Amino acid sequence: MASRSPGRPTYGFTVAAAVEAVPAARRRVVSLAKDLGLALSDQTLETVELLAGEVIANAVLYTDAPCDVSVTRADERLRVEVTDTDASLPSAVEAGPNDESGRGLLLVDALAHAWGMQPEPPGKTTWFEVMPEPSTDGLGNDSAEAPPSPSSGDAAVQRAEYQGGMASLANSRSSCFPSATGKQHQAA
């Protein structure tokens, strides 16, 4: 059952330590996001589902342990956080054209308005935020002036503008991704 915080609308749940649990978890993130009162288009909800799936999959693949997911309204932004038990921060890897993994953080970087990672006892939290698209209905629902979200420390990574497709992201990824010390793993 999802929990709700009255001070800051937040829903949370735990995902089992199984890759098979990821599809249901990402759909649950979308369902909970709809309950937060943000004007999120179907396209934005599809993006949220994709990004949630990437971050949750990384958590369960590399920890073999359950992870906690929270879905929060942070001002006019949707924030999704995934907390796992692995303290190492993932780093981007060189994914070849035939590789089936290694592009998840590139997608998060390209599609989220902001994202990052922060250490949490006993592991880390990986988060991303999306904003509703500016309103074109003339009702003044433009969220472009939403205040910035709270700082999440040095590991925060702001969204890179998508220019020139995935190739430009791949060329610049060394400056986009926090490097981890100690054990590293390939992100899905």
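In the predicted model, one cavity of 30 Å³ or more is counted. The volume of this largest cavity is about 90 Å³. Twelve residues line the largest cavity, and N58, A59, D84, K124 and T126 are the closest of these to its centre. Two elements, α2 (42–63) and β6 (123–130), each give two or more residues to the lining; the contribution of α2, five residues, is the greatest. By residue class, the lining of the largest cavity comprises five nonpolar, four polar and three charged residues. Rolling a probe the size of a water molecule over the atoms shows where empty space is left.

The helix α2 contains 22 residues, and the distance from its first C-alpha to its last is 32 Å, close to the 32 Å expected at 1.5 Å a residue. Just after α2, D64 adopts a positive phi of about 55°.

The largest nonpolar core consists of 35 residues, within which V29, I56, V69, L78 and F128 have the most contacts. Two or more residues of this core come from each of β2 (10–15), α1 (22–34), α2, β3 (67–74), β4 (77–84), α3 (104–111), β5 (114–120) and β6. Of these elements, α2 gives the most, with nine residues. In soluble globular proteins, nonpolar side chains tend to be buried together. When neighbours within four places in sequence are set aside, the contacts of I56 are V15, V22, A25, R26, V29, C67, V69 and V82. Two of these contacts, V29 and V69, are themselves among the core residues with the most contacts.

The C-alpha atoms of A87 and K124 are 5.3 Å apart, although 37 residues separate the two along the chain. With neighbours within four places in sequence again excluded, A87 is in contact with P122 and G123. K124 is also one of the residues closest to the centre of the largest cavity.

At the level of the whole protein chain, the secondary structure amounts to four helices and seven strands, arranged along the sequence in the pattern β-β-α-α-β-β-α-β-β-β-α. The chain has 188 residues, of which 47% count as buried. Among contacts between residues at least 6 apart in sequence, 71% join residues at least 24 apart.

Methods:
Residues are numbered from 1 along each chain as its sequence is written. This is a predicted model: local features need pLDDT of at least 70, side-chain atom pairs count only at pLDDT 80 or more; totals for chains, interfaces and linings use all residues. Side-chain values use heavy atoms; hydrogens and water are left out. On a 1 Å grid over the protein atoms alone, a cavity is a set of points where a 1.4 Å probe fits but cannot get out, and a pocket is an open set with protein on both sides within 12 Å along at least five of seven lines; lining residues have an atom within 4 Å of a point. Grid points are joined across faces, edges and corners, and a volume is the space filled by probe spheres set on the points. Ala, Val, Leu, Ile, Met, Phe, Trp, Tyr, Cys and Pro count as nonpolar, Asp, Glu, Lys and Arg as charged, and the others, Gly among them, as polar. The expected span of a helix is 1.5 Å times one less than its number of residues. A nonpolar core is a set of buried Ala, Val, Leu, Ile, Met, Phe, Trp, Tyr and Cys residues joined through side-chain atoms within 4.5 Å. Buried means under 20% relative accessible area, exposed over 50%, partly exposed in between (1.4 Å probe, protein chains only). Contact means heavy atoms within 4.5 Å.
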